[in-house]
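Hello,

Please find the structure we spoke about below. My notes on it follow.

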Amino acid sequence: MNPPDLMYSEEHEWVRSRPGGVAEIGITEFAAESLGDVVFVELPSVGEELTQFGKMGEIESVKTVSDLFTPLSGKVLEVNANATDSPEVVNEGPYEKGWLLRISMTDESELDKLMSADQYEAFLAFQE
Amino acid sequence: MAAPDSLRRTSLFDIHVSLGGRMVPFAGWEMPVQYEGILAEARAVRSGAGLFDVSHMGRLEITGPGAAGFLERVLSVDVPGLRQWRARYNLICDEGGGIIDDCIVYRLGDERFLVIPNAANTDAVLEWFSKWDSGLDFELQNVTEATAMIAHQGPQASDMVAGLTPYDVTSLKMFAAAETEVAGVKALLARTGYTGEDGVELIVSADAAPTVWRALSEKGAVPCGLGSRDVLRLEAGLLLHGNDMDTSVNPYEAGLEKFVAPDRDRYAAGESLRRIRDQGVGRKLVGFILHGKGVPRHGYDIMDGPNRIGEVTSGSHSPTLDMSIGMGYVPTGYAAVGSRFQIDMRGRAVDAEVTTLPFYSRRKNA
């Protein structure tokens with residue numbers, strides 16, 4: 001269920017590496033399902049500098065509110081307006097139309113601190 | 001996640017699991033918080049019909065020649081004046097006027113009543129009742145385990161249930177009840193609910209609950225969990241005990257004075273409530289809408305600039321109104337409709353405005 005080509009953080013965010021040092025960031029299906037219906041997504045603005053594992057925003061569902069933590073350092077290139085305007089897309093497709101940010105990576109070696117899909121699934125099993 | 005063995009299960013537990021319900025601990029019971037999703041379930045109740053297992057709520061039968069006299073001591077409404085086959089919303093208040101619980105009382109006969117306290121408060125209610133039972137000839141039977149309770153709510157609910165019962169559901173008034181059969185099962189059928197929609201609540205034997213649930217599902221009612229129930233009751237301006245009221249607040253602060261008849265000689269909380277009524281209160285429960293992003297939540301501070309003036313008791317995103325709504329206690333000077341204050345949303349001050357309750361009513365918003 002978690003795409004094998006992505007990297008994952010312990011805070012249940014994912015990273016998709018794109019050409020030119022660009023990374024796409026979102027929350028995992030596990031996170032989206034745990035939250036339930038997402039009603040608000042608060043994200044940083046284009047141009048903001050993020051530091052790996054630092055707070056980058058907030059996500060609220062009907063039942064709860066959580067901080068969002070960036071899995072990588074970098075500069076925000078693009079914010080998914082779809083996710084902020086129609087937050088239900090995060091539930092509908094957390095790995096596709098529900099992506100949150102595109103950033104230019106500061107340091108690609110930070111990817112080493114993230115988990116593969118297999119590792120993330122083992123991590124989830126351990127959580128339960 | 002395995003639930004502790006001590007959690008109780010309703011007779012509909014297996015159905016919830018088979019429907020993919022997400023089971024959570026709630027007031028000592030293992031209950032579904034959602035199936036498809038809270039927002040989808042809330043919409044189903046506003047547009048069609050939903051089905052809630054509310055078997056965790058208490059069911060106390062009070063029978064005997066002293067039953068009415070006993071309830072007159074502990075309930076906030078005129079019990080002898082309650083007609084047979086009628087129900088009333090009311091409060092159970094302590095000696096100081098604090099709210100131990102809110103409940104529905106049904107009169108099923110001259111000497112026969114049914115009281116429905118909240119799941120979390122059933123023990124506290126029983127303890128309070130036991131203090132006021134002396135010298136009266138009645139019997140109190142806790143039938144919570146022996147029975148089940150299903151809330152069937154939504155604009156299409158009464159039509160659906162009408163196809164399953166010989167009783168003329170259209171003649172069943174709001175807050176009226178009848179003993180009849182539903183889906184071939186003996187049932188107490190009442191036109192009550194906690195969603196702000198038309199609908200019924202059914203009390204049947206625990207064994208028979210799955211039959212009734214399946215029959216209503218086949219008519220098109222959507223299974224709904226506690227999550228959507230909480231959103232719907234808040235939209236309808238209905239208070240939740242434990243969130244919006246408890247023994248530290250009285251009915252006048254909570255805006256529930258119309259459900260209180262304090263001028264009754266035998267009423268245990270009467271003296272305190274008369275004094276509170278005559279002296280007035282310093283704070284009031286208000287409903288507010290948020291002018292900004294985010295969801296106000298239980299426990300968030302209500303601010304006037306740098307000053308904390310109160311606390312949010314309930315809050316949610318309202319799918320029906322597409323805005324964020326909440327309730328909380330504020331000093332009476334801030335309680336008028338149109339008053340402004342801010343909610344401290346995790347360090348972010350967001351403007352809020354007092355509005356009339358309910359937020360949603362099926363007449364107003366139809």
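In this predicted model, the C-alpha centres of domain 1 and domain 2 of chain B lie 29 Å apart. Domain 1 covers 13–55 + 145–235 of chain B, and domain 2 covers 282–366. Where they meet, 10 residues of domain 1 of chain B are in contact with 12 residues of domain 2. On the domain 1 side, the elements that give two or more residues are helix 2 (38–47) and helix 7 (226–235) of chain B. Helix 2 of chain B gives the largest share, four residues. By class, that side of domain 1 has four nonpolar, one polar and five charged residues.

Next, the core. The largest nonpolar core has 130 residues, and those with the most contacts inside it are B:L71, B:V105, B:I150, B:L189, B:L202 and B:V212. Domain 1 and domain 2 of chain B each supply at least three residues to this core. As a general point, nonpolar side chains in soluble globular proteins tend to be buried together.

B:V105 is one of those core residues. Leaving aside neighbours within four places in sequence, B:V105 is in contact with B:L71, B:L75, B:L82, B:A87, B:R88, B:N90, B:F113 and B:V115.

B:V204, in strand 12 (residues 199–205) of chain B, is another residue to look at. With 25 other C-beta atoms within 10 Å, B:V204 is buried. Not counting residues up to four places away in sequence, B:V204 touches B:T147, B:A148, B:V185, B:K186, B:A187, B:A209 and B:V212. B:Q141 is 63 residues from B:V204 along the chain, and their C-alpha atoms are separated by 16 Å.

Now the sheets. Five strands of chain B form an open sheet in the order 5-6-7-4-8, with antiparallel pairing. Strand 5 (86–93) and strand 8 (139–142) of chain B are its edges, each pairing on one side only. From one strand to the next, the twist averages 25°. Strand 4 (residues 60–63) of chain B is joined to strand 8 by four bridges in the antiparallel sense, and B:T63 stands opposite B:E139 in strand 8. Helix 3 (residues 67–74) of chain B lies across strand 4, strand 5, strand 6 (99–109) and strand 7 (112–116), running at about 125° to strand 4.

Elsewhere in chain B, strand 17 (residues 323–331) is mostly covered, with seven of its nine residues buried. Strand 17 of chain B runs antiparallel to strand 14 (residues 283–290), and seven bridges join the two; B:G287 has B:M327 as its bridge partner. Strand 16 (residues 307–318) of chain B also pairs with strand 17 in the antiparallel sense, over seven bridges, and here B:G315 stands opposite B:G326. Strand 16 and strand 17 of chain B form a hairpin with four residues between them, and B:D322 in the turn has a positive phi of about 55°.

Some backbone details are worth checking on screen. B:F175 is not a glycine, yet has a positive phi of about 60°. It lies in the loop between helix 5 (157–162) and strand 10 (177–182) of chain B, and is partly exposed, with 15 other C-beta atoms within 10 Å. B:A183, also not a glycine, has a positive phi of about 55°. B:A183 is found in the loop between strand 10 and strand 11 (185–190) of chain B and is buried, with 20 other C-beta atoms within 10 Å. The peptide bond from B:L357 to B:P358 is cis, with omega near 0°; B:P358 is in the segment after strand 19 (348–355) of chain B.

Last, the contact between the chains. It takes 10 residues from chain A and 13 from chain B. On the chain A side, strand 4 (residues 38–42) of chain A gives the largest share, three residues. That side of chain A divides into four nonpolar, one polar and five charged residues.

Regards

Notes. Residues numbered from 1 in each chain as written. Chains lettered and ligands numbered in written order. Predicted model: local features only at pLDDT ≥ 70, side-chain atom pairs only at ≥ 80, totals over all residues. Core = buried A, V, L, I, M, F, W, Y, C linked by C-beta atoms within 7 Å. Buried ≥ 20, exposed ≤ 12 C-beta atoms within 10 Å, placed from the backbone. Domains from an automatic or database assignment. Contact = placed C-beta atoms within 7 Å. Pairing = 2+ DSSP bridges. Axes fitted to C-alpha atoms, helices over the stretch in contact; angles between N-to-C directions. Nonpolar A, V, L, I, M, F, W, Y, C, P; charged D, E, K, R; others polar.
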